[in-house]
Amino acid sequence: MVTDIDVRKVQALIHEGAQLVDVLPREEYEQQHLPGAANIPLRELDEKSTAWLDRDRAIIVYCYDSQ
Amino acid sequence: MLRYTAGEMDWFAHGLAREGAANDEVWDSDLAEGDVPTCNLGEKLGRVQDTIRESTAGVCVVVNNEQVVLGLLRKGALDLNADPDIHVEQIMECGPRTVRPYEKPEHTIKSLKSRDSVLVTTSDGVLLGLLTRERVEDYLAGKRATKKDIGSGR
């Protein structure tokens, strides 16, 4: 189940050790991303590519904008 | 799983930190002066006259309790000898021009052709700083060539 959150919640969760995942293409990720965010392009998002994520910590995914 | 619906542009629109190649670019937020005089809607001109006169940029930003921009007082557009009991709400410039933190000075300079400065705010309208035409022109002229130089000059 996916829960939508805003910037304040993102900041609070980062403070608590949340993991950030940028799902944009690699070139865009390398141009700019949130501090500490890992890159798993949307097309590559599957069980194998996300296996390394710690399920005991919050996982926040984000894209370019809401579109 | 959690989804940050508004995405990275929302993050940057709040003036928050970034990583990646873009970290070496200069954005409007990097050039803006963060220490900007402010006042509240209900204040009287008498209380802010000296603030405006002494302000380097000659402005005082009218904000609410959450620092959301409501208006602007500019030295050049005000009669600072007017009735000091006038409320700033009656004389302020409503809805002043603003730019987002991630906008580039190369683009913002066009907005500054007809004004001395522009406010940098988040997408929610929260004041982040004041960007002057002089500072943008200096940067574009190469006087502050890199983001590192800008950081050391503040």
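The questions below take up the chain contact, the salt bridges, the pockets and the cavity of this predicted model.

Student: How many residues does the contact take from chain B?
Tutor: The contact has two sides, and each is counted separately. Chain A gives 30 residues. From chain B the contact takes 23 residues.

Student: What share of the area buried between chain A and chain B is on carbon and sulfur atoms?
Tutor: Chain A and chain B bury about 2400 Å² between them. The part of that area on carbon and sulfur atoms is 59%.

Student: Which residue of chain A forms a salt bridge with B:Arg3?
Tutor: Side chains of opposite charge can pair when their charged atoms come close. Between chain A and chain B the count is one salt bridge. In the pair that B:Arg3 forms, the closest N and O atoms are 2.7 Å apart, and the partner is A:Asp4.

Student: How many residue pairs are in polar contact across the interface of chain A and chain B?
Tutor: This count takes pairs in which both residues have pLDDT 80 or more. Under that rule, the interface of chain A and chain B has 19 residue pairs in polar contact.

Student: Which element gives the largest share of the side of chain A that touches chain B?
Tutor: The elements of chain A that give two or more residues to this side are β1 (3-5), α1 (7-15), α2 (26-31) and β4. The largest share is six residues, and it comes from α1(A).

Student: How many residues on the side of chain A that touches chain B are nonpolar?
Tutor: Sorted by class, this side has six charged and seven polar residues. The nonpolar residues number 17.

Student: How many residues apart are A:Arg26 and A:Glu44?
Tutor: Over all chains, the search finds ten salt bridges. A:Arg26 forms one with A:Glu44, with the closest N and O atoms 3.5 Å apart. The pair links distant parts of the chain: A:Arg26 is in helix α2 of chain A, while A:Glu44 is in the loop between β3 (38-39) and β4 of chain A, and the separation is 18 residues.

Student: Which element supplies the largest share of the lining of the largest pocket?
Tutor: The largest pocket has a volume of about 380 Å³ and is lined by 18 residues. In chain B, β8 (127-132) and α6 (133-140) each supply at least two residues of this lining. The largest share, five residues, comes from α6(B).

Student: How many residues of the lining of the largest pocket are charged?
Tutor: Among the residues nearest the centre of this pocket are B:Glu33 and B:Glu134. Across the lining, six residues are nonpolar and four are polar. The charged ones number eight.

Student: Which elements give two or more residues to the lining of the second largest pocket?
Tutor: The second largest pocket, of about 170 Å³, has lining residues that include A:Tyr62 and B:Arg3. The elements that give two or more residues are β4 (59-62) of chain A and β1 (2-4) of chain B.

Student: Which element gives the largest share of the lining of the largest cavity?
Tutor: The search of the whole structure finds one cavity of 30 Å³ or more. Its lining includes B:Leu72, B:Arg74, B:Ser117 and B:Val118, and β4 (69-74) and β7 (117-121) of chain B each supply at least two residues. The largest share, three residues, comes from β7(B).

Methods
Residues are numbered from 1 along each chain as its sequence is written. Chains are lettered from A and ligands numbered from 1 in the order in which they are written. This is a predicted model: local features need pLDDT of at least 70, side-chain atom pairs count only at pLDDT 80 or more; totals for chains, interfaces and linings use all residues. Side-chain values use heavy atoms; hydrogens and water are left out. On a 1 Å grid over the protein atoms alone, a cavity is a set of points where a 1.4 Å probe fits but cannot get out, and a pocket is an open set with protein on both sides within 12 Å along at least five of seven lines; lining residues have an atom within 4 Å of a point. Grid points are joined across faces, edges and corners, and a volume is the space filled by probe spheres set on the points. Helices (H or I, at least four residues) and strands (E, at least two) are DSSP runs, numbered from the N terminus. Ala, Val, Leu, Ile, Met, Phe, Trp, Tyr, Cys and Pro count as nonpolar, Asp, Glu, Lys and Arg as charged, and the others, Gly among them, as polar. Contact means heavy atoms within 4.5 Å. Buried area is the accessible area (1.4 Å probe) that two parts lose on being put together, summed over both. A salt bridge is a side-chain nitrogen of Lys or Arg within 4 Å of a carboxyl oxygen of Asp or Glu. A polar contact is a pair of N or O atoms within 3.5 Å; within protein, one must be able to donate a hydrogen and the other to accept it, and residues adjacent in sequence count only if both atoms are side-chain atoms.
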